[in-house]
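Hello, and welcome to this structure.

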Amino acid sequence: MPELAERELFALDRLPADGAIVIVSSPEIRSHVRREINDEFGSEVTGKTKVIVGVSREQIADALVGVRVPVFLHEAFVANAPKDAAEFAASMARSVNTVVASRKRLRG
């Protein structure tokens, strides 16, 4: 799955201060990632970052409807989620991130 190794989908160290979505594979990892984000960026970024558990294509699609912030995948998500869900999430994340980047460019 080389397309899932693209660094930008996993770069939690590059979370924007104005909000993002991070997809993880379990509630336990969600808690861990929220603590990690809080430790790294503080409570303001943590409050604007939505960490969701997505293990099926349906959950991922439902969570990403109308999203206007960048989407990141946690590395453990790719390791633990079913292959089709991981590939789908990566594809959706790339699409959302392209739209978000285009909007930023248009706004100047």
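1. A word on terms to begin with: a contact, or touch, means heavy atoms within 4.5 Å. This is a predicted model, in which local features need pLDDT of at least 70 and side-chain atom pairs count only at pLDDT 80 or more, while totals for chains, interfaces and linings use all residues. Residues are numbered from 1 along each chain as its sequence is written, and side-chain values use heavy atoms, with hydrogens and water left out.

2. Let us look at the overall layout. The chain has five helices and three strands, taken as DSSP runs (helices: H or I, at least four residues; strands: E, at least two) and numbered from the N terminus. Starting at the N terminus, their order is β-α-α-β-α-β-α-α. With a radius of gyration of 13 Å, close to the 13 Å from the globule rule for 108 residues, the chain is as compact as a globular protein of that length. That radius is taken over C-alpha atoms, and the rule is 2.2 Å times the number of residues to the power 0.38.

3. Next, the interior. Buried residues (under 20% relative accessible area, with exposed over 50% and partly exposed in between; 1.4 Å probe, protein chains only) make up 42% of the 108 residues. A nonpolar core is a set of buried Ala, Val, Leu, Ile, Met, Phe, Trp, Tyr and Cys residues joined through side-chain atoms within 4.5 Å. The largest one holds 21 residues, and Ile21, Ile23, Ile60, Leu64, Val71, Leu73 and Phe77 touch the most other members. Two or more residues each come from β1 (20-24), α3 (57-64), β3 (71-73), α4 (75-80) and α5 (83-107); α5 gives the most, with eight.

4. Which residues does Leu73 touch, not counting those up to four places away in sequence? They are Leu9, Phe10, Ile23, Val78, Ala89 and Ala90. A second, separate core has twelve residues, including Leu12, Leu15, Val24 and Ile37.

5. Thr46 sits in helix α2 (residues 43-48) and is buried, at 9% relative accessible area. Leaving out residues up to four places away in sequence, Thr46 touches Arg34, Ile37 and Asn38. A polar atom of the Thr46 side chain lies 3.2 Å from the backbone nitrogen of Asn38.

6. Finally, is Arg68 buried or exposed? Arg68, in the loop between α3 and β3, is exposed, with a relative accessible area of 61%. Beyond four places in sequence, Arg68 touches Val100 and Arg103. Arg68 and Arg103 are 35 residues apart in sequence and 9.0 Å apart in space, C-alpha to C-alpha.

Terms used
A polar contact is a pair of N or O atoms within 3.5 Å; within protein, one must be able to donate a hydrogen and the other to accept it, and residues adjacent in sequence count only if both atoms are side-chain atoms.
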